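Visitor: I have a model open and a few things to ask about it. Can we go through it piece by piece?

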There are 2 protein chains.
Amino acid sequence: MKKALLLLVIPVIIHTQTNLIQYVKPLTGTQRMGHTFPGATVPFGAVQLSPDTDTLSYEKNGKYQKEVYQYCAGYQYEDSTIVGFSHTHFSGTGHSDLGDFLIIPTTGHLQLNPGTANNPENGYRSRYSHANEIAEPAYYKVKLDDHNIIAELTASTRVGFHRYTFPAIDTAHIILDLMHGIYNYDGKVVWTFVRVENDTLVTGFRQTNGWGRTRTVYFAMAFNKPFMSYGHAKYDTSVYRGFWRKFDERKNFPEMAGKNIRAYFNFPVTQNEQINIKFALSPVSTAGAMKNLTDEIPDWNFDRVKKESQQLWNNELEKISIEMLSKKDLETFYTSLYHTFLGPTVYMDVDGQYKGIDQNIHQADGFTNYTTFSLWDTYRALHPLFNLLQPKRNGDMIRSMLAHYDQSVHNMLPVWSHYANENWCMIGYHSVSVIADAVVKGNMPFDAIKALKASVSTANQRYYDGLGYYLDKGFVPDDMNSSSVSKTLEYAYDDWAIAQMALKLEDANIYEEFMKRSENFINVFDPSIGFMRPKLNNGTFRKNFSTLETDGQGFIEGNSWNYSLYVPHNVPGLIQLIGGKKRFSQYLDSLFTMHLSEEYFAHNEDITREGIIGNYVHGNEPSHHVPYFYNWIGESWKTQEKIRMILNAKYSNTPDGLSGNDDCGQMSAWYIFSSLGFYPVAPGSEQYSIGSPLVKSAKITLENGKTISLNVKNQSAKNVYVQKILLNGKEWKEKYFIHSDLMNGASIIFEMGAKPKK
Amino acid sequence: MKKALLLLVIPVIIHTQTNLIQYVKPLTGTQRMGHTFPGATVPFGAVQLSPDTDTLSYEKNGKYQKEVYQYCAGYQYEDSTIVGFSHTHFSGTGHSDLGDFLIIPTTGHLQLNPGTANNPENGYRSRYSHANEIAEPAYYKVKLDDHNIIAELTASTRVGFHRYTFPAIDTAHIILDLMHGIYNYDGKVVWTFVRVENDTLVTGFRQTNGWGRTRTVYFAMAFNKPFMSYGHAKYDTSVYRGFWRKFDERKNFPEMAGKNIRAYFNFPVTQNEQINIKFALSPVSTAGAMKNLTDEIPDWNFDRVKKESQQLWNNELEKISIEMLSKKDLETFYTSLYHTFLGPTVYMDVDGQYKGIDQNIHQADGFTNYTTFSLWDTYRALHPLFNLLQPKRNGDMIRSMLAHYDQSVHNMLPVWSHYANENWCMIGYHSVSVIADAVVKGNMPFDAIKALKASVSTANQRYYDGLGYYLDKGFVPDDMNSSSVSKTLEYAYDDWAIAQMALKLEDANIYEEFMKRSENFINVFDPSIGFMRPKLNNGTFRKNFSTLETDGQGFIEGNSWNYSLYVPHNVPGLIQLIGGKKRFSQYLDSLFTMHLSEEYFAHNEDITREGIIGNYVHGNEPSHHVPYFYNWIGESWKTQEKIRMILNAKYSNTPDGLSGNDDCGQMSAWYIFSSLGFYPVAPGSEQYSIGSPLVKSAKITLENGKTISLNVKNQSAKNVYVQKILLNGKEWKEKYFIHSDLMNGASIIFEMGAKPKK
């Protein structure tokens with residue numbers, strides 16, 4: 001109640017002059033492979049309340065169905081029906097889960113099945129049109145044509161808020177579908193439990209076995225008016241063996257449980273009447289969801305919640321104020337910044353309780369616990385961006401990772417974790433990179449010595465993904481493990497990151513041990529062909545091998561052409577390996593200009609022509625640092641033109657504006673850094689490699705109160721070449737900036753021109 | 001640690017003179033239908049660690065398999081193999097669940113399937129012989145012949161302690177079967193989760209959908225020496241979708257999860273080496289199980305735990321010290337007393353946390369939370385016995401029932417609840433009887449006003465089991481609900497109990513309302529035939545009707561002959577209804593002497609010739625009060641001879657010594673009361689109806705420090721007729737004792753004779 005009163009008393013400050021949310025287009029990336037969601041969420045919010053446009057199963061006839069891939073975030077722009085609005089969504093992932101607790105309001109004959117895209121009238125789903133759709137940060141509105149209902153959604157951190165406006169009918173149905181989910185399959189729902197506490201309140205939970213093997217989400221759902229009747233249908237054979245024919249459990253019986261359940265609630269409505277629903281989530285319990293519900297939104301003022309949540313977005317977006325050459329660039333920038341602030345997401349109740357990966361309930365002591373760590377993606381630029389823009393949150397994310405380590409039976413930091421589960425997706429142990437980047441940059445609101453210990457422990461778990469071989473031989477043998485070269489290269493980089501952390505923390509032994517390990521990239525380089533190449537357990541290179549093919553060649557999400565450049569931590573060493581600067585320059589030029597035949601990527605679900613430039617794949621992550629490599633061979637102008645080309649060609653403010661999965665903000669973080677003119681090539685280093693800014697000016701307000709001002713003289717679409725840089729008034733001749741220089745507050749002036757400065 | 005130190009410092013007092021556990025035969029009732037278990041448990045313990053002798057499925061080809069019925073407690077005396085030792089068992093129920101976490105030590109080739117009774121060598125189970133079996137309170141020992149292993153079991157409240165002595169082999173296997181369970185069926189196990197924390201500690205949980213619809217039990221298992229390797233097999237299609245071929249999850253990988261899992265642990269052993277296992281349960285979490293483990297048994301001293309747990313039994317059994325005419329009677333008495341102290345069972349962690357029926361975690365504030373309330377059985381004599389012998393525990397049981405009410409979405413007290421689930425088994429709302437009996441007897445360590453409110457709320461839940469009809473019409477219509485007459489009669493009794501509670505708490509309105517409701521038994525009496533008879537919704541009696549048949553006649557676990565006497569709260573009214581004392585006497589005489597043809601009970605799984613006397617069924621509960629009815633018509637001598645006959649004929653100290661399900665102690669509680677010479681015909685009254693004591697003498701030590709001494713003069717097998725009673729030295733002419741008289745301390749002398757005193 002105290003908090004509730006505060007909310008009423010403190011006047012809301014509206015920054016009318018800088019209403020930056022107007023530039024955010026949440027529909028960006030919802031077409032094809034961006035895998036973003038258009039719905040309502042607050043920065044790093046636990047609830048992502050968003051429309052789902054189809055219900056494809058992960059499997060068909062027991063096999064993976066590749067069409068489900070496009071529904072990683074539930075929504076595809078080209079679809080013409082909305083199934084309903086569910087409360088949890090990943091942003092930009094390339095594998096998926098979630099879609100918990102779908103709600104849809106309907107009219108007419110009660111139908112509890114979703115229907116199909118081709119025959120929506122056979123189910124509860126509805127046709128809709130983009131003409132009747134508004135997507136803003138923390139607000140989504142759409143007209144459900146088949147039901148003639150206006151649906152509006154907003155959210156606080158843990159509560160989704162629905163407002164449905166009904167036509168002139170007698171009875172409205174609100175359907176709560178507990179079977180619905182993203183990457184669903186028969187048997188994914190392990191158990192659901194629903195209690196109708198009274199005629200305006202329902203609680204329960206949903207337990208699934210999907211990407212998260214043992215995942216439970218709890219809810220509390222409040223209506224602003226009483227329903228007159230309710231019930232459910234069960235679509236499995238689980239029997240309530242205690243019933244003994246005592247009840248008709250299907251109608252107006254306040255306890256429901258089973259594997260596949262859809263519930264409904266009937267309301268009397270008059271024309272234009274609005275039914276409001278507050279739907280709170282908890283990782284802990286229904287009691288926790290109740291606390292979240294009453295603490296975050298004590299009243300029924302949808303408009304106030306929308307305004308306050310949008311203000312939260314403005315507060316975050318205002319951390320960077322910019323001028324751009326075009327509205328398209330302005331919108332692309334703030335949409336990207338929006339996408340970087342969607343996750344990791346808060347994973348604890350208002351009282352600090354959360355579920356750990358040991359499935360026990362823990363108390364977050366002095367930090368906010370986060371989940372959804374897509375670390376193979378986000379260690380590259382997203383967490384470095386947080387060290388600049390969100391150092392406090394990044395510190396709490398690392399504390400969350402250390403809590404994961406404490407609870408891990410593997411004595412490991414997270415690999416790819418979500419909702420109290422390690423899903424082990426992708427490769428490497430990039431938690432250590434995230435921690436090293438924070439440590440090296442002095443952002444240490446956590447026990448850094450313990451973090452170093454956790455990193456070393458993680459890097460020595462022999463049964464993890466070929467790591468035992470790597471420890472024994474210095475490489476992952478291709479005949480013993482998949483993606484062997486990618487793993488070797490990424491382990492080597494991660495080891496360097498640990499070494500940098502040890503250096504900062506003055507542990508010479510660990511530093512030396514891991515610096516040595518960081519050289520292991522050499523072990524998978526085949527000098528006879530000048531590429532990284534799979535090596536067998538017997539020490540010889542694999543014979544049957546293609547440098548262009550992505551699948552089955554010892555790599556993951558990249559071919560040898562791209563992955564051979566994955567030595568971000570020792571670029572001089574890599575250049576030497578490739579054959580010196582001249583050869584390296586040729587290699588890079590070829591990468592960006594060669595024609596990659598469709599045959600090499602057509603069967604990869606997440607690489608399309610839009611995502612690539614020559615053989616350079618921007619739609620996937622492994623080469624995100626590569627355009628900056630020209631800086632190491634005296635050809636910075638090539639970096640500059642490549643960066644500007646990628647910024648313009650691979651990003652936009654339209655639904656098809658992302659050239660690949662946004663990958664929990666990594667693609668967008670690349671855009672933010674690169675459009676500001678610099679990029680963290682090797683997280684764990686203080687250096688940002690300099691590119692070519694897209695902004696005309698930028699003012700970055702840091703959490704420490706200082707500012708970085710960036711002014712770009714002679715900025716234009718043609719003037720992509722940096723002529724001169726002034727740092728705090730003095731000419732800056734290095735190819736990089738230093739993080740600590742920026743954090744002390746800095747004035748940077750870029751002078752641009754139409755010709756390369758060689 | 002504090003507790004542990006205390007355990008070491010305080011000397012254990014051994015009552016060598018009164019080592020009463022020697023008279024307890026836990027195998028009693030394990031043959032045929034007693035449904036008791038022979039394993040190790042402490043009084044009211046949360047762990048019942050006991051051998052299971054078969055693994056029959058609840059269903060065969062989708063249909064209930066009646067053979068499973070005999071395995072309600074997991075063990076059948078006539079079986080020749082032991083499948084293993086599981087940690088949870090009901091005592092004496094007629095429907096079942098539990099059997100969680102089966103452990104079996106094996107030698108030789110590792111086999112993860114249980115095998116069959118006919119071919120035990122094809123699985124992990126083992127042959128055994130009763131010659132090599134010892135069952136004592138808190139201790140069970142058996143030789144597993146096929147493996148040549150000596151298995152010993154003991155337990156504390158929340159921890160099972162296993163000691164296995166191995167022959168001369170190299171490798172011992174300890175199997176942990178998470179699929180095993182009682183009343184199992186395909187799909188009953190909803191989810192299991194196992195973590196190998198280190199090489200001596202394993203944690204996890206098991207979630208089932210059985211009699212308890214949403215039931216989860218957590219565990220922590222510690223070994224006294226490290227295993228050298230481990231693994232598991234999965235027997236379902238649930239896939240760990242996160243694995244991506246990173247691990248061979250089956251061997252030495254410390255996380256297992258799925259629906260059907262069996263794990264194993266391999267140990268190097270030498271001849272006669274003992275492997276000890278402590279296995280703690282928790283209703284809350286694996287963290288809770290760990291707390292229970294370390295708090296209750298901090299060391300590895302099996303013999304000390306056995307001694308202390310057996311001492312707990314002696315302490316409880318010593319509440320009544322007796323003399324009997326025979327060792328058989330002595331053993332039957334203490335075995336019965338043992339059976340009455342098996343449950344309800346403790347259901348909370350050492351820190352007071354437990355799971356409520358709302359599936360949230362609650363803190364038991366100032367009381368011990370109990371579960372397993374088989375109330376249709378136990379309200380009759382078990383809870384009244386607790387008001388005499390265990391008033392503090394009974395108070396806590398009622399507090400547990402009130403906590404259930406607080407958490408109930410139905411606003412109801414428990415009907416038949418176990419492990420945070422309402423299983424709705426049987427009929428009535430007999431929680432109110434348990435509460436009323438305690439209130440009327442002044443045992444109120446709970447909020448009695450709230451308890452009355454909870455009782456009234458329970459008695460008015462219209463959707464519960466025909467109750468709406470009962471409220472509207474004064475009876476449950478047979479065409480609208482099953483067991484309509486039994487429900488009407490039991491509701492009427494329960495209503496009287498509420499009235500008695502209201503009377504004691506001085507609420508005149510509730511008293512009057514419920515006294516009126518208590519007369520509803522009249523509505524189902526058909527004066528034209530002189531029996532209780534199903535009435536239809538239109539107010540006429542059902543035509544097609546048999547007074548002898550049990551099934552489908554409007555009754556449950558009794559026919560009209562028995563159930564027509566179910567008016568324990570208004571015996572004079574019943575006598576009048578039946579047709580006066582003479583007719584009533586004839587009715588009772590006929591009941592006990594008529595021949596009931598097999599056709600009337602052969603198809604009932606829990607009635608056999610052993611359980612009946614004439615048409616009187618002692619093996620089921622509805623007539624347990626009936627033999628005392630002769631007291632109301634001036635024929636007490638018939639009560640006396642019937643009681644002695646039942647005590648001798650229907651109870652014994654042998655495996656077949658129970659004539660029906662013990663029903664969580666109700667059958668045994670009848671024995672205790674009746675052998676002491678009195679019985680609570682109508683719980684909720686202070687009166688105990690007087691029968692014929694079987695003891696020669698008894699001294700009952702009450703919790704208030706007072707004693708009841710009972711001396712029976714001229715006691716013999718033939719002298720079953722009471723000639724005279726002296727209460728505190730004065731002749732006592734009533735047919736009943738008063739509870740408060742006894743609680744003040746009392747000296748009772750019975751003078752017996754071979755002839756009735758008419």
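Visitor: Is Pro298(A) buried, exposed or partly exposed?
Guide: Pro298(A) is partly exposed, with a relative accessible area of 36%. Here buried means under 20% relative accessible area, exposed means over 50%, and partly exposed is in between (1.4 Å probe, protein chains only). This is a predicted model: local features need pLDDT of at least 70, side-chain atom pairs count only at pLDDT 80 or more, and totals for chains, interfaces and linings use all residues. Residues are numbered from 1 along each chain as its sequence is written, chains are lettered from A and ligands numbered from 1 in the order in which they are written, and side-chain values use heavy atoms, with hydrogens and water left out.

Visitor: Where is Pro298(A) in the chain?
Guide: Pro298(A) sits in the loop between helix 2 (286–296) and helix 3 (302–317) of chain A. Helices (H or I, at least four residues) and strands (E, at least two) are DSSP runs, numbered from the N terminus.

Visitor: Other loop, Asp478(A). Buried or exposed?
Guide: Asp478(A) counts as buried because its relative accessibility is 15%. The loop it belongs to runs between helix 10 (467–473) and helix 11 (484–504) of chain A.

Visitor: What does its side chain join in a polar contact?
Guide: The side chain of Asp478(A) has a polar contact of 2.7 Å with that of Ser484(A). A polar contact is a pair of N or O atoms within 3.5 Å; within protein, one must be able to donate a hydrogen and the other to accept it, and residues adjacent in sequence count only if both atoms are side-chain atoms. Leaving aside neighbours within four places in sequence, Asp478(A) is in contact (heavy atoms within 4.5 Å) with residues including Pro534(A), Lys535(A) and Arg542(A).

Visitor: Over to chain B. What is the strand order in the open sheet of nine strands?
Guide: The order is 8-9-10-11-19-15-14-13-17 in chain B, with antiparallel pairing. The edges are strand 8 (133–136) and strand 17 (255–258) of chain B, each pairing on one side only. From one strand to the next the twist averages 15°. Axes are lines fitted to C-alpha atoms, for helices over the stretch in contact, and angles run from 0 to 180 degrees between N-to-C directions. Two strands pair if DSSP finds at least two bridges between them.

Visitor: How many bridges join strand 8 and strand 9 of chain B?
Guide: Four bridges, in the antiparallel sense. Ala135(B) stands opposite Tyr140(B) in strand 9 of chain B. The two strands form a hairpin with two residues between them, and Ala138(B) in the turn has a positive phi of about 65°.

Visitor: And strand 9 with strand 10 of chain B, how many there?
Guide: Five bridges join that antiparallel pair. Their hairpin has four residues between the strands, and Asn148(B) takes a positive phi near 55°.

Visitor: Why call strand 19 of chain B largely enclosed?
Guide: Eight of its nine residues are buried, so strand 19 of chain B is largely enclosed by the rest of the structure. Met221(B) has Phe279(B) in strand 19 of chain B as its bridge partner.

Visitor: Which strands does helix 2 of chain B lie across?
Guide: Helix 2 (residues 286–296) of chain B lies across strand 11 (159–165), strand 14 (201–208), strand 15 (215–223) and strand 19 (274–282) of chain B, at about 125° to strand 19. Helix 3 (residues 302–317) of chain B runs at about 45° to strand 10 of chain B.

Visitor: Last topic, the interface. How many residues of chain B are in contact with chain A?
Guide: 55 residues of chain B are in contact with 55 residues of chain A. The area buried between the chains is about 4800 Å², with 52% from carbon and sulfur atoms. Buried area is the accessible area (1.4 Å probe) that two parts lose on being put together, summed over both.

Visitor: How many salt bridges across it?
Guide: Two. A salt bridge is a side-chain nitrogen of Lys or Arg within 4 Å of a carboxyl oxygen of Asp or Glu. Arg213(B) forms a salt bridge with Glu249(A), with the closest N and O atoms 2.4 Å apart.

Visitor: Which element of chain B gives the largest share of the side that touches chain A?
Guide: Strand 13 of chain B, with six residues.
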